[in-house]
Structure formats: structure tokens, C-alpha cells
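Student: I have not looked at this structure before, and I would like to learn how its features are read. Could we go through a few of them slowly?

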Amino acid sequence: MLVPARKLSEELEGWLRESGLTKSPDVRGVIAPHAGYSYSGRAAAYAFGNIDPTNITRVFLLGPSHHYYTSKCALSTATVYKTPIGDLTIDLEVIEELKATGKFELMDIRVDEAEHSMEMHLPYLAKVFEGHQVKVVPILVGSLKAESEAMYGQLLGKYVDDPQNFFSVSSDFCHWGSRFNYTHYDKKHGAIHKSIEALDRIGMDIIETGNPDAFKEYLLEFDNTICGRHPISVFLHMLKNCSTSIKINFLRYEQSSQCKTMRDSSVSYASAAAKVDA
């Protein structure tokens with residue numbers, strides 16, 4: 001395991017360095033992709049490279065559920081997440097606190113192990129917080145109705161006001177192609193990949209406004225296949241319900257490949273930082 005672990009660590013370090021970002025204590029959260037690192041690792045560095053780990057003691061991790069259906073949010077029953085770079089301890093105290101609200105279900109360990117949306121954030125978090133004492137609060141976000149997104153946002157909003165808390169929101173953007181049953185194409189943008197980018201950027205611009213209702217309307221209008229739509233929506237509601245003014249800014253956008261014909265397919269990756277708005 002040592003050689004792959006060293007290789008992964010060096011790869012992440014390289015991408016973080018190449019991003020050229022200045023770490024800021026004002027960055028309180030990120031939105032980052034969760035594809036395999038050969039696809040989205042470089043793009044993800046533009047989210048994780050913003051993190052100043054100095055004063056952060058807890059990371060809330062919000063990821064969509066790809067394989068397990070639930071209409072709620074679910075909490076991990078694990079005590080530690082092991083990564084090749086280092087172990088991340090689960091914050092059992094906060095898990096108990098959230099469990100006591102009666103609004104969360106518990107994830108079966110097999111569901112936890114099978115879900116890649118949070119898993120792909122873990123090595124980056126382990127790398128960024130290397131040498132720092134930090135605990136994680138993993139929350140699997142199910143297929144929530146709008147009112148549930150608002151409820152969870154209200155419930156979790158208070159945690160945003162503690163500057164020792166950080167939020168890692170997991171999402172890829174447009175999954176385009178017949179294999180994803182999504183082939184929206186607005187020819188006015190030219191090539192298909194340009195149309196996909198235009199569609200994603202409309203959504204990114206709306207997320208930057210911090211308005212969860214406008215984001216919901218965008219999804220209803222275009223049905224863009226943003227797999228982390230529910231974690232993003234919950235996060236927008238959290239920012240709306242906290243006392244701290246926080247602004248989301250997207251810093252990187254990439255596609256796994258450039259679609260030119262209707263036979264092609266691609267997945268989009270976008271990275272953002274949520275920063276205290278002075």
C-alpha cells in the first residue's frame with residue numbers, strides 16, 4: 001500500500017500546487033466533484049486548495065446517494081474513515097446530536113462503503129488537514145423534496161456560524177449523452193460541449209447568488225443532471241439560515257471530454273469556494 005499511497009499523496013500535492021490558490025481562513029466551504037481522480041482530480045484541487053486548515057476542527061461532508069434510495073438525510077454509523085493518506089475520525093458527538101433531532105436515518109455500513117460521492121473527497125481532506133486534528137460529519141443526502149431541503153438547511157444552518165466548522169459539498173455537474181438519458185442541446189451555442197458548458201454555467205451563476213429557490217426553478221426548467229443537486233440545495237438553505245454572510249464563487253470548470261456528436265458523452269466538473277463576504 002505504501003507506494004500507491006505515496007503516489008496518491010504526491011499527485012494531490014501537485015494538483016494543489018498547480019492550482020496556485022492562496023489558502024484563506026475566510027473560506028468556510030467548498031463544492032467539489034467526486035469522479036475518479038484521473039477525470040476530476042485536477043478540477044477538485046481548485047476547491048480544496050482554498051482551505052486554511054489552521055482553525056478548523058470539524059468537516060461536515062454532504063454527498064448525494066447514487067445507489068441507495070432515501071427521502072431523508074442519513075448519518076454514518078462508522079467511527080473512522082480510512083484513506084491511503086491518513087485516517088479521518090468521525091465526530092460521534094455531533095452525529096448523536098443530529099440523530100437526536102429525529103430527522104435523520106442511519107446508513108448501513110454497506111451503503112456507506114458503496115457510496116463514492118463522499119469517498120472521493122476523503123483523500124483530499126486527509127491531505128489538506130495533514131498534521132491537524134480534524135473530525136468529519138458525513139451526511140448522505142437523499143432524494144429530498146424542496147421542503148425537506150429547506151428543513152435540513154435550517155437544522156444545519158447554526159453550524160455554519162462556528163468558524164471551526166467547514167463544509168465539503170460533493171457534486172458533479174452535467175452528465176450528458178444517451179447513456180445518461182440526457183441530451184439537451186441548444187444549437188445557438190455551437191458545438192454540443194459549448195451548449196453543455198452554457199447550461200452548466202447558468203446553474204453555477206444561480207448557485208453563486210445563494211438563492212435555493214432560483215436553483216430549484218433552474219433544475220425544473222432544464223432538468224440538468226447535476227447529481228449533487230440535493231446537497232447543493234441543502235447547503236444554499238444552510239447559508240440562508242446562518243448569521244454569517246457567505247458568498248459562493250466558482251473557480252474552475254472542466255468536462256471529461258468534449259462532445260461533438262449525439263453519440264458522445266461527458267461529465268462536467270465544477271469547483272467552488274464558499275467564503276465569508278466582507
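Student: Does Y159 count as buried or exposed, and what is its relative accessibility?

Tutor: Please keep in mind that this is a predicted model. Buried means under 20% relative accessible area, and because Y159 has a relative accessibility of 8%, Y159 counts as buried. Y159 belongs to helix 7, which covers residues 146-160.

Student: With which residues is Y159 in contact, leaving aside its neighbours within four places in sequence?

Tutor: With those neighbours left aside, Y159 touches F60, V94, E97, L98, N165 and F167. Separation along the chain and separation in space are two things to read side by side: Y159 and M238 are 79 residues apart in sequence, while their C-alpha atoms are 8.6 Å apart in space.

Student: How many residues does the largest nonpolar core have, and which have the most contacts inside it?

Tutor: The general idea is that in soluble globular proteins nonpolar side chains tend to be buried together. Here the largest nonpolar core has 86 residues, and those with the most contacts inside it are F48, L98, I139 and I248. If we take I139 and leave aside its neighbours within four places in sequence, its contacts include F60, L61, L62, L98 and L156.

Student: How do helix 8 and helix 9 cross, and within what distance do their axes come?

Tutor: In general, two packed helices are described by the angle between their axes and the distance between the axes. The axes of helix 8 (residues 192-209) and helix 9 (residues 212-222) come within 9 Å and cross at roughly 160°. Angles over 145 degrees count as roughly antiparallel, and helix 8 and helix 9 are therefore roughly antiparallel to each other. Helix 8 passes helix 9 in a left-handed crossing. On the side of helix 8 the contact is made by L199, D200, I202, G203, I206 and I207, and on the side of helix 9 by A214, F215, Y218 and F222. Sorted by kind, the residues of this contact are eight nonpolar, one polar and one charged.

Key: Residues numbered from 1 in each chain as written. Predicted model: local features only at pLDDT ≥ 70, side-chain atom pairs only at ≥ 80, totals over all residues. Heavy atoms only, no water. Axes fitted to C-alpha atoms, helices over the stretch in contact; angles between N-to-C directions. Helix = DSSP H or I, 4+ residues; strand = E, 2+ residues; numbered from the N terminus. Parallel < 35°, antiparallel > 145°, perpendicular 65-115°, else oblique. Left-handed = near helix turned anticlockwise from the far one by under 90°. Contact = heavy atoms within 4.5 Å. Nonpolar A, V, L, I, M, F, W, Y, C, P; charged D, E, K, R; others polar. Core = buried A, V, L, I, M, F, W, Y, C linked by side-chain atoms within 4.5 Å. Buried < 20%, exposed > 50% of the residue type's maximum accessible area, 1.4 Å probe, protein only.
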